[in-house]
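Reader: Could you take me through the aromatic rings of this model in some detail? I would also like to see how they sit within the rest of the chain.

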Amino acid sequence: MGEMTAEELGLKRVGKVYRNLGYDELFTHERDNAEGKLSANGTMMVDTGKFTGRSPKDKYFVKQDPSQGNIAWGNINQPTTAEVFDELYAEVIDYLSGKDVYVADGYCGANPETSRNIRFITEIAWQSHFIKNMFIRPDDADLDGFAPDFTVYNAAKLTNKKWQEMGLHSEVFVIFNIEKNVAIIGGSWYGGEMKKGIFTMMNYWMPLKNILSMHCSANVGKDGDVCLFFGLSGTGKTTLSTDAARKLIGDDEHGWDADGVFNFEGGCYAKCIDLSPESEPEIFNAIRRDALLENVVYNEDGIIDYTDSSKTENTRVSYPIEHIDNHEPTLMAGHPKNIIFLTCDAFGVLPPVSKLTKEQAMYYFLSGYTAKVAGTERGITEPQAAFSACFGEAFLPLHPTAYARLLGEKMDQYGVNAYLVNTGWAGGGYGVGNRMSIKATRACINAILDGSINEVEFDQTRFFKLHIPKELPGVDASLLNPRNAWPNKDGFDQAANKLVGMFIENFKKYITDNDEFDFTAAGPQL
C-alpha cells in the first residue's frame, strides 16, 4: 500500500505511520504499548478513562453555508463558529504532527452506490482496532486507491484549555465541519464517539438522497423476511436481533433505499453488563481474539465478571460481524416485513407487545420513548424517562420529521407491519416491579416474526389505546395487559396518567399549522 506522507494525512510531519494494520499487528501494538490486558480467552481488554460513554454536550457543528440551512439547531445540534473550529483544528494537527499515528480506512454503508470512504487518524492502537471492528473493511486492492470522503482526527489525549473563552461546554470537543468533510475529537478516549460521529454524518447525507437512515438493528429470515429493531441503547437492539434462527444484517445502524435495507457498519458493539452464555449465547461466543472489550472488570487471571458495574454500567464489546456465525455476508437484504420499536419503560405501564396502526407507528417513532439506562451517557446513574425522536435524536442533524416522513412513505410503499415491544418493567415501576425477562421478550418477538401474533384475539388498553394480544405462547397472560400485572391498580392508573401526560407534552412540538405530523389522535389520551 506504500508509505503515507504527512501531506496525504493532512499533518505537518509524521513519525511512523501504521496504516490499516491487521488484527495480529494491532494486538502486538496494544500489548507492546501496554494499552490493555488480555482476558482468559485471549480477548484484549481496554479502559476508556473517565469517559465510559459519549459526551453529547461536547458535540458541535460548524455553523456555515450551505449546511446550516439543513441542520435542526438546538440542544442536540449545537453550533460553533468556523473560527473556533479552525483554531482547534490547527491545535489537533500540531498535536498529532510528528507522532507515530495509526491510520484506519473503512467504508460506511454496505451499498456501494452510496457508501462513504472514512479515514480515522489516532495515536492509540486500540482505537484503530475499534475502527477495524466497527466499519466495513476494504480489501488490499481497494486500499491502494482509497481516497477519504471524510476524515476524523482523534487527539484523545489533547484537551482544550480555552473552552470557556470559545463558548464551549468543557475541555472536551467533538466538532464536525460538513463543508470541509472533517471531524476533530479531543479529550475523550471513548471509541463510541467515532462510531456515532460517522453515524451522525450518515444521518445528514442519506436523507438528502431520499434514503432513510435508521438507528436500528436488522435481521432476515430464511424466506427473506426482514425485521428492523429500533431502540435506544439498553433497550435490547443488539440482543434481540442476534438470533440463531435468523441472519444478522447488523446491530445498530442501517439505511433503507429503493433496493432494501443495508448495514452502515461491518461490526457490532454490544453491551456486556450481565452478559451470560445462557441468555445471549451468540454475543457471548463472539467475545474472542480480535474482539475488543471496554471497561470490564476482571481478576488477576483475566476472568471477567460481567455482573460487575463498578467501572460503568456501559461495559461494551466491539467485534467484527463475522464473529456472529449466522450473519448476512452482504450486509444487505430486501425491504422490511416487520418493524419493532423497542422501549425500556421505567414506569411499568406499557405492555410487553402491542400491534400498531400506521398512525400509531408514526406517533411512537417520533416520540421515541424509553428510559436512559445508566452508563450510556455521562451523568446518568439510574434510569430516567426520556423521549428521543426516531429512537436516536442524539444522532439526527436534520429535523426529526425529515426521517419520519421517509419512514411513513416506505411503510406505505412496502406494506410494513409495526409493533411496540417493552423490554422494561412490569408489575410496577423501576425499583418496585421486575424487568421483563429476555425469554418473555423473545416469545413476543418470535410471535411477530412467525406471524402467529396475527392469529390471536386482541384487546385494547385503556390509556394508550394499544392493541394487545389476550394470550401469547411463552408469555404469562397476566403480563400482556400491564394493569393486570400490578397488585395496586390505583398505583397503575396514577403511573399511566403521569406517563400519558409526558407523551402529550412531548408531542406538542410536532403539531404545526399544516398538521402533517399531527398524530395525537393515535397517541395516548388522559
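**The aromatic rings and their setting**

Author: Happy to! One aromatic cluster is formed by Tyr-363, Tyr-364, Tyr-369, Phe-387, Phe-464, Phe-503, Phe-507 and Tyr-510. Rings of Phe, Tyr and Trp (the six-membered ring for Trp) count as a pair when their centres lie within 6.5 Å; planes under 30 degrees apart are called stacked, those over 60 edge-to-face, and the rest tilted.

A word on the ground rules. This is a predicted model, in which local features need pLDDT of at least 70 and side-chain atom pairs count only at pLDDT 80 or more, while totals for chains, interfaces and linings use all residues. Numbering starts from 1 along each chain as its sequence is written, and side-chain values rest on heavy atoms, leaving out hydrogens and water.

Over the whole structure, the search turns up 29 aromatic pairs. Take Tyr-107 and Phe-146: their ring centres are 6.0 Å apart and their planes meet at 35°, so this pair is tilted. Tyr-107 belongs to strand β6 (residues 101–108) and Phe-146 to the loop between α5 (140–144) and β8 (150–155), so the pair ties together parts 39 residues apart in sequence. Helices here are DSSP runs of H or I with at least four residues, strands are runs of E with at least two, and both are numbered from the N terminus. Tyr-107 and Phe-146 are both buried, where buried means under 20% relative accessible area, exposed means over 50%, and partly exposed covers what lies in between (1.4 Å probe, protein chains only).

A second tilted pair joins Phe-199 and Phe-395, at 5.7 Å from centre to centre and with 50° between the planes. It links distant parts of the chain: Phe-199 sits in helix α6 (residues 192–205), whereas Phe-395 is in the loop between β23 (384–387) and α10 (400–414), 196 residues apart. Phe-199 and Phe-395 are buried as well.

Met-201 is buried, and its relative accessible area is 0%. Setting aside neighbours within four places in sequence, Met-201 makes contact (heavy atoms within 4.5 Å) with Phe-61, Phe-150, Phe-176 and Ile-178. For a sense of distance, the C-alpha atoms of Met-201 and Pro-487, 286 residues apart along the chain, are 47 Å from each other.

Elsewhere, strand β24 (residues 417–422) includes Ala-418, which is buried at a relative accessible area of 2%. Beyond four places in sequence, the contacts of Ala-418 are Ile-339, Ser-354, Lys-355, Leu-356, Ala-361 and Met-411. Ala-418 and Asn-338 are 80 residues apart along the chain, yet their C-alpha atoms are separated by 5.8 Å.

Helix α4 (residues 125–134) is mostly covered, with 10 of its 10 residues buried; among them are the aromatic residues Trp-126 and Phe-130.

Pro-66 lies in the loop between β4 (59–62) and β5 (78–80) and counts as exposed at 62% relative accessibility. The peptide bond joining Asp-65 and Pro-66 is cis, with omega about 0°. Asn-181, which is not a glycine, has a positive phi near 55°; this residue is in the loop between β9 (173–177) and β10 (182–186) and is partly exposed, at 27% relative accessible area. Asp-274 likewise has a positive phi, about 65°, without being a glycine. Asp-274 is in the loop between β16 (267–271) and α8 (281–286), and its relative accessible area of 49% makes it partly exposed.

Finally, the whole chain. Its secondary structure comes to 14 helices and 28 strands. The radius of gyration is 23 Å, close to the 24 Å from the globule rule for 526 residues, so the chain is as compact as a globular protein of that length; the radius is taken over C-alpha atoms, and the rule is 2.2 Å times the number of residues to the power 0.38. Along the principal axes, the C-alpha atoms fill a box of roughly 70 × 55 × 45 Å. Buried residues make up 62% of the 526 in the chain. Of the contacts with a separation of 6 or more, 73% are between residues 24 or more positions apart.
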